[in-house]
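Student: I have this model open on my screen and would like to talk it through. Could you start with how the helices pack?

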Amino acid sequence: MRKEMGWKKAGGFVLALFFVVAAGCGANGGTEEPTVTPSGTLERQATPSWTDYLSEEDMQVASPWKVIDNTALAAVMKKAEAGEPVTIACIGGSITQGSISSGPLDGEIKKRACYADIFFAWWKETFPETEVTVINAGIGGTDSYLGVHRVQEDVLTHHPDLVLVEYSVNDGDNISYKNSYDNLVRRILKAEGQPAVMLLFMAQTNLTTAQNTHQLIGFNYGLPMVSHYNLIKNFFENGRYTEAEMSGDVSHPSVFGHAIVGEMLWKYLNNVYVQLDTYGEPAAFDKNALTKERYLNSELVGVEDITPKTTGTFTEKENFNGWGTVWSSTDGDGNIVFTVKCRNLGILFWRSTSSSFGTYEVYVDGEYKADLQAEFLDGWGAYAYSQEVFTSNEEAEHVVMLKKKAGSAGDDFVLLRLMLSH
């Protein structure tokens, strides 16, 4: 039977779903026992997927790269097959978190599930006698810049064997995100135990994606890469499925769309699993970075970690939208000031569609650095927004001040965390 561990606060602010699959459960009772071939190798059976829309040709479209090294991924499968506990994690935005839109083909899907749950299910059904712990560290509206600052607390402290990274919808296709995404992936690869990493390149149905940038990181490290962008682009060009069928809101897959993504990942895992004996032991990670290592030692700092020099009209607000205790101001007349030690500084704050929220300014050592626009009046919703405001080549002590911008129509501002890299 399955033992539910429930919802747990990871890093004091993000809700991540943990559960353990105990011996003998598995939704379909697991796969057949492997048989031994005359050559002495195991003949493994692919685990039947929840859906069967994708052909071998589709899978070649979804993952056409020749530089992929599946050895580390295969090592996790070998560990699970041996009955050793494994921990499987996903980190990303709202698609990973589980946001699902509606589409006209949703009725064809028997199980309403986000891609991450389908991905996790492969491990549980393929290794039903193994304890599998899963971590969903997706947060809606967030990017790899925030991801690299929170991955240690939200994912790596749980010692994952495998981490799937999904940020290609929320990241921009530019050098800044190339840096943060590279540092995020590299930080995972260099973590204790050197987890395996898979990259998932999602796309909106208008085909907006950061895949062009993100695949360069995959090339550099030889990582398993799977492309939702390649797949749906091929669908649309061949008139096989429509944009409305894949997503009801452009950004988030429908139930059918998530099923397609989940099946794509499921069949990729199966392709590795049935050839498991062809993989040797993974080499120790020693590849060079593709970009500057700006965020490898980065963190989020909040109410529990730092005391402001002055708070002005900011007060502590508890239980704020899953982020725990934060600093909040509702009149904007006073300034909040911190002394921090860092190389680079970002501000994580709440953006809202309410007109009561305003624009604040951030100063570092008395010098104006940026506007922080918390009012998102015509936007799609409220969310945690991360903004880099200061960069340097050396770590030093700095005085950081936030104050309401003159002329701001709104007064409200919620400071979630300071983002420091060292």
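**Helices, sheet and spaces**

Tutor: α4 crosses α10 with right-handed geometry, where right-handed means that the near helix is turned clockwise from the far one by less than a right angle, and left-handed means anticlockwise. Helices here are DSSP runs of H or I with at least four residues, strands are runs of E with at least two, and both are numbered from the N terminus.

Student: Before we go on, what sort of model is this?

Tutor: The model is predicted, so local features need pLDDT of at least 70 and side-chain atom pairs count only at pLDDT 80 or more, while totals for chains, interfaces and linings use all residues. Residues are numbered from 1 along each chain as its sequence is written, and side-chain values use heavy atoms, with hydrogens and water left out.

Student: Back to α4 and α10, at what angle do the axes cross?

Tutor: The axes of α4 (residues 115–126) and α10 (residues 255–273) cross at roughly 30 degrees and come within 8 Å; axes are lines fitted to C-alpha atoms, for helices over the stretch in contact, and angles run from 0 to 180 degrees between N-to-C directions.

Student: Which residues in α4 and α10 meet?

Tutor: Among them are Ile118, Phe119 and Trp122 in α4, and Val261, Leu265 and Trp266 in α10, with contact meaning heavy atoms within 4.5 Å. By class, this contact has twelve nonpolar, four polar and two charged residues, where Ala, Val, Leu, Ile, Met, Phe, Trp, Tyr, Cys and Pro count as nonpolar, Asp, Glu, Lys and Arg as charged, and the others, Gly among them, as polar.

Student: New topic: what is the order of the open sheet of four strands?

Tutor: The order is β13-β18-β15-β16, with antiparallel pairing, and two strands pair if DSSP finds at least two bridges between them. β13 (336–342) and β16 (367–373) are at the edges with a single partner strand each, so one side of each has no neighbour in the sheet.

Student: How many bridges does β18 make with β13, and how many with β15?

Tutor: β13 and β18 (residues 396–404) pair over seven bridges, whereas five bridges join β15 (residues 359–364) to β18. Met401 in β18 stands opposite Val337, and Met401 is also the bridge partner of Tyr363.

Student: And what volume does the largest cavity have?

Tutor: The largest cavity has a volume of about 40 Å³, and a search of the whole structure finds one cavity of 30 Å³ or more. On a 1 Å grid over the protein atoms alone, a cavity is a set of points where a 1.4 Å probe fits but cannot get out, a pocket is an open set with protein on both sides within 12 Å along at least five of seven lines, and lining residues have an atom within 4 Å of a point. Grid points are joined across faces, edges and corners, and a volume is the space filled by probe spheres set on the points.

Student: Which residues line the largest cavity?

Tutor: The lining includes His228, Met246 and His252, and its residues divide into five nonpolar, five polar and no charged.
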